[in-house]
Amino acid sequence: MDWELAACRDHDPELFFPVGTEGPAAEQLTAAKFICGTCPIRSACLRWAMDTGQEAGVWGGTSEEDRREMRRAARTGQPLPLSA
């Protein structure tokens, strides 16, 4: 994957690792996902995060909870959530 193309590379990495899910962390999560939404390698980033078991942070426009839901869906044969 060509990380040089990643939209996040010019932003503070801490933005993509909010602590918590409420208040400032929720705003941080929204901002990180917005940046991911503009990224040309978003799909590849998400695939990498899933393949390597990334549990923390925002990857490919998904939160930690989003990826947990995706893993759960994959294990149970359910369709993936549309938010990812």
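**Ground rules.** I am working on a predicted model, in which local features need pLDDT of at least 70 and side-chain atom pairs count only at pLDDT 80 or more, while totals for chains, interfaces and linings use all residues. Residues are numbered from 1 along each chain as its sequence is written, and side-chain values use heavy atoms, with hydrogens and water left out.

**Cys 39.** I located Cys 39 in the loop between α1 and α2, taking helices as DSSP runs (H or I, at least four residues; strands are E, at least two) numbered from the N terminus. Leaving aside neighbours within four places in sequence, I found Cys 39 in contact with Leu 5, Ala 6 and Ala 7, contact being heavy atoms within 4.5 Å. I also took the C-alpha to C-alpha distance from Cys 39 to Arg 71, which is 23 Å for a sequence separation of 32 residues.

**Disulfides.** I then searched for disulfides, meaning pairs of cysteine sulfur atoms within 2.5 Å, and the count came to zero. For Cys 8 the closest cysteine sulfur is that of Cys 39, and at 6.1 Å this is too far for a bond; Cys 8 itself is partly exposed, at 29% relative accessibility. Cys 45 is in no disulfide either, the nearest cysteine sulfur being that of Cys 36, 6.2 Å away, and Cys 45 counts as buried at 10% relative accessibility.

**Helix α1.** I listed Ala 25, Ala 32, Ile 35 and Cys 36 as buried in α1. Seen down the axis, the buried residues of α1 fall within an arc of 100°, so they line one face of the helix; the arc is that of the directions from the helix axis to the C-beta atoms. On the other side of α1, I noted Glu 27, Thr 30, Phe 34 and Gly 37 as exposed. What covers the buried residues of α1 includes α2 (42-51).

**Core.** Which residues make up the largest nonpolar core? I found five: Phe 16, Ala 32, Ile 35, Cys 36 and Val 58, where a core is a set of buried Ala, Val, Leu, Ile, Met, Phe, Trp, Tyr and Cys residues joined through side-chain atoms within 4.5 Å. Not counting residues up to four places away in sequence, Cys 36 touches Phe 16, Arg 42, Val 58, Gly 60 and Gly 61.

**Aromatic pairs.** I searched the whole structure and found four aromatic pairs, using rings of Phe, Tyr and Trp (its six-membered ring) with centres within 6.5 Å, and calling planes under 30 degrees apart stacked, over 60 edge-to-face and the rest tilted. One of them is Trp 3 with Trp 59, edge-to-face at 6.4 Å centre to centre and 75° between the planes. This pair links Trp 3, in the segment before α1, to Trp 59, in the loop between α2 and α3 (64-76), 56 residues apart. Trp 3 is partly exposed at 34%, whereas Trp 59 counts as buried at 16%. Phe 17 and Trp 59 also pair edge-to-face, at 6.3 Å and 80°; Phe 17 lies in the segment before α1, so this pair ties together parts 42 residues apart in sequence. I read Phe 17 as partly exposed, at 38% relative accessibility. Trp 3, Phe 17, Trp 48 and Trp 59 form one aromatic cluster.

**Ser 63 and α3.** Ser 63, in the loop between α2 and α3, counts as buried at 10% relative accessibility. Apart from neighbours within four places in sequence, Ser 63 is in contact with Leu 29, Lys 33 and Gly 57. For α3 I repeated the length check: 13 residues should span 18 Å, and the end C-alpha atoms are 19 Å apart, which agrees. Asp 66, Arg 67, Met 70 and Ala 73 are buried in α3, and they cover an arc of only 120° around the axis, which puts them on the same side of α3. The buried residues of α3 pack against α1 and α2. My last entry is Gly 77, which follows α3 and has a positive phi, near 75°.

Terms used
Buried means under 20% relative accessible area, exposed over 50%, partly exposed in between (1.4 Å probe, protein chains only). The expected span of a helix is 1.5 Å times one less than its number of residues.
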